[in-house]
Amino acid sequence: MPVDHKRINGPEESVPYELFARLSGLTSEKAFEQLYKAGKRSDGREFEEHRKIFLKNGAVSQAKGSAYIEMGQTKVIVSVFDPREIPNRSDYSLKGELYCEFKFAPFSCAKRRLHQQDNEEKQYSCIMKKALESAVCLHELPNFQVDIYALVMHNDGSALSAAITAAGVALVEAGVPMYDIITSVTVGIQQGVKLVDPDSLEEQMCQVQFLSEKYQDNNHGLLIISKLHTQEQLCQFYQNGYVSLEVLKSGLEVLSKTCEVIVPLVQKCLIKHITNGIKS
Amino acid sequence: MSLCDAEKTFILHGVAENFRSDGRDREGYRPIEIETDIVQHAFGSARLRLANTDILVAVKIEVDTPLPERPFEGKIEFFVDCSANATPDFEGRGGETLAIELSNILASAYKSPKTFNLKKLCILKGKKCWKLYVDILILECGGNLFDAVSLAVKAALFNTKVPLIKSVNIDGDNVELDVSDNVFDCERLDVTNAPVMVTVCKIGDNCVVDPNLAEEQCSVGSIVVAISQEYFSTVTSIGIGSLHAQTLCSSLELGQKVGIRLNEALMDTLSHITSDQDFGFLK
Amino acid sequence: MKEDSLVCLPGQRLSICDKIYTSGQGTYERKGYIYSMLGGVVDIVEKNGLKVLEVHSNGQNTVIPSQGDIVTAEVYIITQQHAKCHIKCIGNTVLKSSFRAIIRKEYVRVTEKDKVEIYKSFRPGDIILARVLPITEAHSYQLSTAENELGVVIAHSEHGYPMIPVSWTEMQCPKTLVKEPRKVAKVVPENMTTDILSVLQNNV
């Protein structure tokens, strides 16, 4: 990975100290065992329960539209800027374009992130762009580009979903024509247990294969979907890990259901914004 | 390539009739040509041609230190180069987004330890491991890149020979590796579970696999599934367009079915390739 | 706006699409129904017996130049064939970011089109009023000043003083009394244009 030499970077070979602590402490496998025995998650949630969401639009005054979302400890700010002409393009395109930038703040994760986008961030930007492209009426913005920036200030799992949901709100506030309201949810899968809206520890837990004999189920992984509410369309779908068809299908159902739970929240936030606008 | 409405309708009707414009049914692949061990300086290589798509993959191996959070594992990295040879659209930075997308999907598909076990690449815990550099060169772009790239990568990894280490000497912080002198002393990588990607395209009310460029134009939404045995290691939607949950499920089913078949065919072909066949590309 | 206005969100179904109700600005039509594509207030506009549903979002609308709009633009490059400019205002809304536009020689004035010479009509730095032409294949907006009311409104002489129009083809510098050729706009003393002028003069 290229390093940005204009900034002062941390030492090249430094390692967060927690790594050495964790080796002796709680492994993903033990954490899962605790969680499975209790039938509840460490923060007292049911397996298929979403964390409480705080959603607020108009967080950045300079931007045309913006939103701030908190899902448990995960905090994301998304801003949308005025459509502008697509730079450095000589041909005319009838459809507009989106530019998405997803960024983890350097201090947002357990490990320090660099200022430059790494591969994971680039991939998330791609997924976000894909999700929003199907929600925005691109034909209404010929030859224009809408810039969307998502900054994760604290990553405690499901940051991408949070960013997509918030971006939907920010786009509406910016007055960008949209087909529908967009919501996004993540689910983690481990041993057939579906953890809706996993935090970062649970996310980690869902990325590994347990070695001990008692866990025969190979299923593990993460699923992220984005849904357009009225049209009941999935505008984005992403899965990784190792998941069988049945689990994938049932995961999809859980996700769809959870998306519906979030929709009223998004609607409430937007209606509040609109009625405030009318009054003033 | 742009199609007029009449051409699109023709393709649409063909798909509905389960008889596509090139004579295939909805689950059919175009002929695939594959050869391995063609790059002298690489530890493993493969070239794959699927209709007009041409891919060259070479694997290089280097010694590296494992990541501190994963002391027992080796590393694998994918680099995709969309050269302007393939299509003029890739000129300059044009192919960059596609290249990033391809390498990200590959990395995600190979991430799970069930698909590709990185622990085999560890030489000495926390000190030394092998790092695989998988370089993918797109020579010609004729649609359905994802499938072609994943097949070529799997073939190249199958072909890869990891040098055998006879002994490891530890002297304080210094680690000395003693690699076998005999060039033929090497290990093969286990790629039985390595994922195969299938692009499923929704055209009209049906889903097809291995779309050609014209069919890609008519698609209202497509997904890429990476199949490892009968499990899914990565699924992602590509391009603009949304799908209903029902459609998604049926395309997953189709993808799985075709993926398993494709994997079997590939493994069968690879096991029949013998090293003394010296004809073909770059030879 | 009224207190009792009808609030809607993107993707909300507003009405059936038939002979009476049609979809207008801020809405789209799908499978015989009209849906909103903005978050805002629903307006029903009656036009020749038709009821057009429109949705207006509050706050500043995203304004894009469309065919027939009167825009205020600043010229930045002139060539033999055309003048390039940045659109600064559309109607009486000031834009946050400007749009690129081009005025071809043929569209500078109504009469004697073949004798037009760009350098005798515009100079870089001039503020002009123009009308947006239909968008064609070209990658930027095309403007026309082929009307009496359109053309240069603010121009500075070579010595940097704001000039005063003396005829429809000439402007004069009040300090040096040098006359420079321009395609001068006959500014109609109307509220709209004076608003724009005052805004622009503050910017200059």
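Predicted model: local features only at pLDDT ≥ 70, side-chain atom pairs only at ≥ 80, totals over all residues.
Residues are numbered from 1 along each chain as its sequence is written, and chains are lettered from A and ligands numbered from 1 in the order in which they are written.

**View 1. How the chains meet.** Two pairs of chains touch, and the pair with the most contacts is A and B (contact means heavy atoms within 4.5 Å). Chains B and C don't touch: their nearest C-alpha atoms sit 15 Å apart.

**View 2. An annotated stretch of chain C.** UniProt, in an unreviewed entry, puts "domain: Exosome complex component CSL4 C-terminal" at residues 96-133 of chain C; such annotations may be inferred rather than shown by experiment. This span is 39% strand and 0% helix, and its end C-alpha atoms are 22 Å apart. Helices (H or I, at least four residues) and strands (E, at least two) are DSSP runs, numbered from the N terminus.

**View 3. A loop residue in chain B.** Look for B:Asp210 in the loop between β12 (206-209) and α4 (213-218). Its phi is positive, near 50°, and it isn't a glycine. B:Asp210 is buried, at 0% relative accessible area (buried means under 20%, exposed over 50%, partly exposed in between, using a 1.4 Å probe and protein chains only).

**View 4. A loop residue in chain C.** C:Asn48 sits in the loop between β6 (40-47) and β7 (50-56). This non-glycine residue has a positive phi of about 40°. C:Asn48 is exposed, with a relative accessible area of 77%.

Definitions and conventions:
Heavy atoms only, no water.
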